[in-house]
Number of protein chains: 2
Amino acid sequence: MDKFMAAAIDQARQGLATGGIPIGSVLVRNGEIIGQGHNQRVQGGSPIIHAEIDCLQNAGRIGHYRDTVLYSTLMPCYLCAGAVVQFGIKKVIAGESATFPGAREFMEAHGVEVIDLDLAECKQLMGDFITANPALWSEDIGEL
Amino acid sequence: MDKFMAAAIDQARQGLATGGIPIGSVLVRNGEIIGQGHNQRVQGGSPIIHAEIDCLQNAGRIGHYRDTVLYSTLMPCYLCAGAVVQFGIKKVIAGESATFPGAREFMEAHGVEVIDLDLAECKQLMGDFITANPALWSEDIGEL
């Protein structure tokens, strides 16, 4: 598997192991990971620190984003896709979009290249979590 | 002036007084402020904590957002507008959009009511800041 997606999945599993929603993300520039993170709704009591937001936060103030690639185990929602569009990230690689379609069309309409790897491991991770925690998942995507 | 926009401007001025970008935001439910914040790029070294994100973070896990109104001294960018759309906030009131057009059409396309108060105080606050700090402002909106 792509080593960067493997790192994002490792982040998702860290999130699951600490009681959280298993979504992970890494930011890559010039073949190196410059930021990584996972959803902090449960662990940080945060409504807004999705995996991609945590990742971008942990990357810090890196200046421009035009040569970065954002990996996420799940297709980014509008919040995270909004960050991608606003900051000019040109490429997003998602682990899957079967359990949640996300905002792929919105990103593509703004010129972002979006790749969906449709990975069984990512689908099982989220599918199992959503089945076991439907209310928490609905809260995370604003569908309460 | 609308007391909630006055509170958002107070947040923006707190941000300016602590060396930051002067944008403030409050979240209102049932006539009460349930969250407030300001841009944390400088003070928090954060690339992602825009005023509206800080406000939503400080409001905490409030469940659904369908009866909330988000105030911001500046028209929300795609990141913050993405949060509005994802979490189902139905109304956004901006202090101005003359210094930055933001993502008004994107929010409206998703059924959000957007009001632009076009306030001289907000325009002067951002106009003066952008003139004095053009690189910092470009960084904040991803236009480096």
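Contact here means that heavy atoms lie within 4.5 Å, and with that meaning helix 2 (residues 51-59) of chain B lies across strand 1, strand 2 and strand 3 of chain B, running at about 130 degrees to strand 2 of chain B. The structure is a predicted model, in which local features need pLDDT of at least 70 and side-chain atom pairs count only at pLDDT 80 or more, while totals for chains, interfaces and linings use all residues. Residues are numbered from 1 along each chain as its sequence is written, chains are lettered from A and ligands numbered from 1 in the order in which they are written, and side-chain values use heavy atoms, with hydrogens and water left out. Helices (H or I, at least four residues) and strands (E, at least two) are DSSP runs numbered from the N terminus, and angles run from 0 to 180 degrees between N-to-C directions, with axes taken as lines fitted to C-alpha atoms, for helices over the stretch in contact.

**The sheet of chain B**

- Chain B holds an open sheet of 5 strands in the order 2-1-3-4-5, with mixed pairing, where two strands pair if DSSP finds at least two bridges between them.
- The edges of this sheet are strand 2 (32-38) and strand 5 (113-116) of chain B, each of which pairs on one side only.
- On average, and with direction ignored, neighbouring strands of the sheet are turned by 15 degrees against each other.
- Strand 1 (residues 24-29) and strand 2 of chain B run antiparallel and are joined by 6 bridges; B:Arg29 stands opposite B:Glu32 in strand 2, and B:Leu27 has B:Gly35 as its bridge partner in strand 2.
- The hairpin of strand 1 and strand 2 of chain B has 2 residues between the strands, and in this hairpin B:Asn30 takes a positive phi near 50 degrees.

**The sheet and helices of chain A**

- In chain A there is an open sheet of 5 strands with mixed pairing, and its order is 2-1-3-4-5.
- Strand 2 (32-38) and strand 5 (113-116) of chain A each have a single partner strand, so one side of each is left without a neighbour in the sheet.
- Strand 1 and strand 2 of chain A pair in the antiparallel sense over 6 bridges; A:Val26 has A:Gln36 as its bridge partner in strand 2, and A:Val28 stands opposite A:Ile33 in strand 2.
- These two strands of chain A form a hairpin with 2 residues between them, and A:Asn30 in the turn has a positive phi of about 50 degrees.
- Helix 2 of chain A lies across strand 1, strand 2 and strand 3 of chain A, and runs at about 130 degrees to strand 2 of chain A.
- Helix 2 and helix 3 of chain A pack at an angle of about 35 degrees, with their axes 8 Å apart; A:Glu52, A:Ile53 and A:Leu56 in helix 2 meet A:Leu79, A:Cys80 and A:Ala83 in helix 3.
- The residues of that helix contact divide into 5 nonpolar, no polar and 1 charged, where Ala, Val, Leu, Ile, Met, Phe, Trp, Tyr, Cys and Pro count as nonpolar, Asp, Glu, Lys and Arg as charged, and the others, Gly among them, as polar.

**Where the two chains meet**

- In the interface, 34 residues of chain A are in contact with 34 residues of chain B.
- The two chains bury about 2800 Å² between them, 62% of it on carbon and sulfur atoms, buried area being the accessible area (1.4 Å probe) that two parts lose on being put together, summed over both.
- A:Arg61, A:Gln86 and A:Phe87 supply 26% of the area that chain A buries against chain B, more than any other three residues.

**Salt bridges**

- Across the interface of chain A and chain B the rule finds 2 salt bridges, and the side chains of A:Glu139 and B:Arg61 meet in a salt bridge (2.8 Å, N to O).
- Within chain A, the side chains of A:Asp67 and A:Arg29 meet in a salt bridge (2.9 Å, N to O); this pair links distant parts of the chain, 38 residues apart, with A:Asp67 in the loop between helix 2 and strand 3 (68-72) and A:Arg29 in strand 1 (residues 24-29) of chain A.

Terms used. A salt bridge is a side-chain nitrogen of Lys or Arg within 4 Å of a carboxyl oxygen of Asp or Glu.
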